[in-house]
Amino acid sequence: KQWYQRRVAITAGDAELAWIDAVIDVQLNAEKEEVAMLEPLTNKPSHVPVFINEPRLSNLRQTLIKSGIQAEFNGGVLVCNNKVAIRRNASGTIQIEGTVCDDYYKIRSLLYSMYAII
């Protein structure tokens, strides 16, 4: 038996991605053929979200501007409404930091919309 987790399918480019919570159980049907069946998990393991796609900060900047947010680069850091800073760290991961306010959550939501999250 193998286990999988289920989430709503998300489109990423040409692919649809999903996470399924189930156990695959192979059973014999009436014709004695093996048939794979999905059974729900009784003890569901935790799932850490996976972010797929690595948006470019320049594309994010355009998305922010279209949404009415002032966004300018300053030394490789994307500064948004003078409250939120977005940068890539040494490993290439995007980091967002700033004052916890409505702008922060709106900017974070726009950033997340550029990912396929499963």
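Rings of Phe, Tyr and Trp (for Trp, the six-membered ring) are taken as a pair if their centres lie within 6.5 Å, and planes over 60 degrees apart make the pair edge-to-face. Applied to this predicted model, that rule turns up one aromatic pair. The partners are tyrosine 104 and tyrosine 105, with 5.4 Å from centre to centre and 90 degrees between the planes, so the arrangement is edge-to-face. As for cover, tyrosine 104 has 14% relative accessibility and tyrosine 105 has 41%. Because buried means under 20% and exposed means over 50%, with partly exposed in between, tyrosine 104 counts as buried, whereas tyrosine 105 counts as partly exposed.

Stepping back to the whole chain, the protein has two helices and 11 strands. Read from the N terminus, the elements go β-β-β-β-β-β-α-β-β-β-β-α-β. Of the 118 residues, 24% count as buried. Among contacts with a separation of 6 or more, 36% are between residues 24 or more positions apart.

Now for the pairing itself. Strand 7 and strand 8 are joined by four bridges in the antiparallel sense, and glutamate 72 has valine 79 of strand 8 as its bridge partner. Their hairpin has two residues between the strands, and glycine 75 there adopts a positive phi near 65 degrees. Strand 8 (residues 77-80) also runs antiparallel to strand 9 (residues 84-88), with three bridges between them. On that side, valine 79 is the bridge partner of alanine 85 in strand 9, and cysteine 80 stands opposite valine 84. This second hairpin has three residues between its strands, and asparagine 81 takes a positive phi near 50 degrees.

What about the interior? The largest nonpolar core has 16 residues, and Leu60, Leu64, Leu78, Cys80, Ile86 and Ile107 are the ones touching the most other members. Helix 1, strand 8, strand 9 and helix 2 each give two or more residues to this core, and helix 2 provides the largest share, with four.

Arginine 61 belongs to helix 1. Because the cut-off for buried is under 20% relative accessible area, arginine 61 counts as buried at 19%. Not counting residues up to four places away in sequence, arginine 61 touches Ala71, Glu72, Phe73 and Leu78. Among these contacts, Leu78 is also one of the core residues that touch the most other members, and Glu72 is the residue that bridges to valine 79 in strand 8.

Definitions and conventions: Residues numbered from 1 in each chain as written. Predicted model: local features only at pLDDT ≥ 70, side-chain atom pairs only at ≥ 80, totals over all residues. Heavy atoms only, no water. Phe/Tyr/Trp six-rings, centres within 6.5 Å; stacked < 30°, edge-to-face > 60°. Buried < 20%, exposed > 50% of the residue type's maximum accessible area, 1.4 Å probe, protein only. Pairing = 2+ DSSP bridges. Contact = heavy atoms within 4.5 Å. Core = buried A, V, L, I, M, F, W, Y, C linked by side-chain atoms within 4.5 Å.
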